[in-house]
Amino acid sequence: MHTDKNVDTLNSLLRGEISAVETYDQAIEKLNDDAVIAQQLLQCRSSHEQRVSVLRSEVARRGGEPASGSGPWGTFAKLVEGGAKAFGKKAAIAALEEGEDHGLRQYRDDLKKLDGSTRSTLESQLMTEQQQTHNMMSNLKHTLH
């Protein structure tokens with residue numbers, strides 16, 4: 001039972017990270033005309049992609065089936081794409097920063113649900129990365145506004 005809870009929680013985090021990669025893919029496609037912004041978006045996307053890999057490994061190591069898609073979080077990618085088309089660069093970056101806020105809250109909430117060793121691994125590896133991508137998008141948002 002305890003392992004199932006860990007797998008469910010890890011898969012929830014995994015779906016969020018898959019959604020983040022999808023969202024950054026959309027934003028990079030729409031905002032590739034600004035080299036500085038594109039580089040920051042690529043850096044954040046890469047960080048989320050690495051977290052996808054870590055979370056997939058953690059789920060599989062516990063005997064679970066890693067989530068293969070973003071599930072309901074994929075809707076956020078579509079929202080960012082629509083925002084970038086309709087409202088431009090500032091709106092897209094603001095939406096990405098909001099997504100990073102959401103991801104940070106999800107990590108903080110979900111880490112409490114995990115057993116000690118799993119929580120320790122994620123806090124040291126993934127939470128730090130999530131904080132960095134959040135800070136990067138927050139700084140970019142404030143630079144543009």
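The protein has five helices and zero strands. Read from the N terminus, its elements run α-α-α-α-α. This is a predicted model. Buried residues account for 44% of the 145 residues.

**Overall picture**

- The protein exposes about 7,400 Å², and carbon and sulfur atoms supply 50% of that area.
- Take the contacts between residues at least 6 apart in sequence: 80% of them join residues at least 24 apart.

**Helix H2**

- Helix H2 covers residues 35-61, which makes 27 residues.
- At 1.5 Å a residue H2 should span 39 Å, and its end C-alpha atoms are 39 Å apart, so the two values agree.
- At the start of H2, aspartate 34 places a side-chain oxygen within 3.1 Å of the backbone nitrogen of valine 36.
- Just after H2 comes glycine 63, with a positive phi of about 85°.
- The buried residues of H2 include Leu41, Cys44, Ser47, His48, Arg51 and Leu55.

**Helix H5**

- Helix H5 covers residues 116-144, which makes 29 residues.
- H5 should span 42 Å at 1.5 Å a residue; its end C-alpha atoms are 40 Å apart, which agrees.
- H5 has a kink of about 45°, centred on glutamate 123.
- Among the buried residues of H5 are Leu122, Leu126, Gln130, Thr133, His134 and Met137.
- An α-helix has 3.6 residues a turn, so residues three or four places apart point the same way.

**Threonine 133**

- Threonine 133 is found in H5.
- Threonine 133 counts as buried because its relative accessibility is 2%, and the cut-off for buried is under 20%.
- Leaving aside neighbours within four places in sequence, threonine 133 is in contact with Cys44, Ser47, His48, Arg51 and Glu100.

**Nonpolar cores**

- The largest nonpolar core has 17 residues.
- Leu10, Leu14, Leu55, Tyr107 and Leu122 have the most contacts inside this core.
- Helix H1 (2-30), H2, helix H4 (89-111) and H5 each supply at least two residues of this core.
- H1 gives the most to this core, with six residues.
- Leucine 10 is in contact with Leu55, Glu58, Val59, Arg62, Leu114, Thr118 and Leu122, leaving aside neighbours within four places in sequence.
- A second, separate core has 12 residues, including Leu41, Ile93, Leu96 and Met137.

Technical notes. Residues are numbered from 1 along each chain as its sequence is written. This is a predicted model: local features need pLDDT of at least 70, side-chain atom pairs count only at pLDDT 80 or more; totals for chains, interfaces and linings use all residues. Side-chain values use heavy atoms; hydrogens and water are left out. Helices (H or I, at least four residues) and strands (E, at least two) are DSSP runs, numbered from the N terminus. The expected span of a helix is 1.5 Å times one less than its number of residues. The bend at a residue is the angle between axes fitted to the seven residues ending there and the seven starting there. Buried means under 20% relative accessible area, exposed over 50%, partly exposed in between (1.4 Å probe, protein chains only). Contact means heavy atoms within 4.5 Å. A polar contact is a pair of N or O atoms within 3.5 Å; within protein, one must be able to donate a hydrogen and the other to accept it, and residues adjacent in sequence count only if both atoms are side-chain atoms. A nonpolar core is a set of buried Ala, Val, Leu, Ile, Met, Phe, Trp, Tyr and Cys residues joined through side-chain atoms within 4.5 Å. Accessible areas come from the Shrake-Rupley method with a 1.4 Å probe; for residues, only the protein chains shown count as cover.
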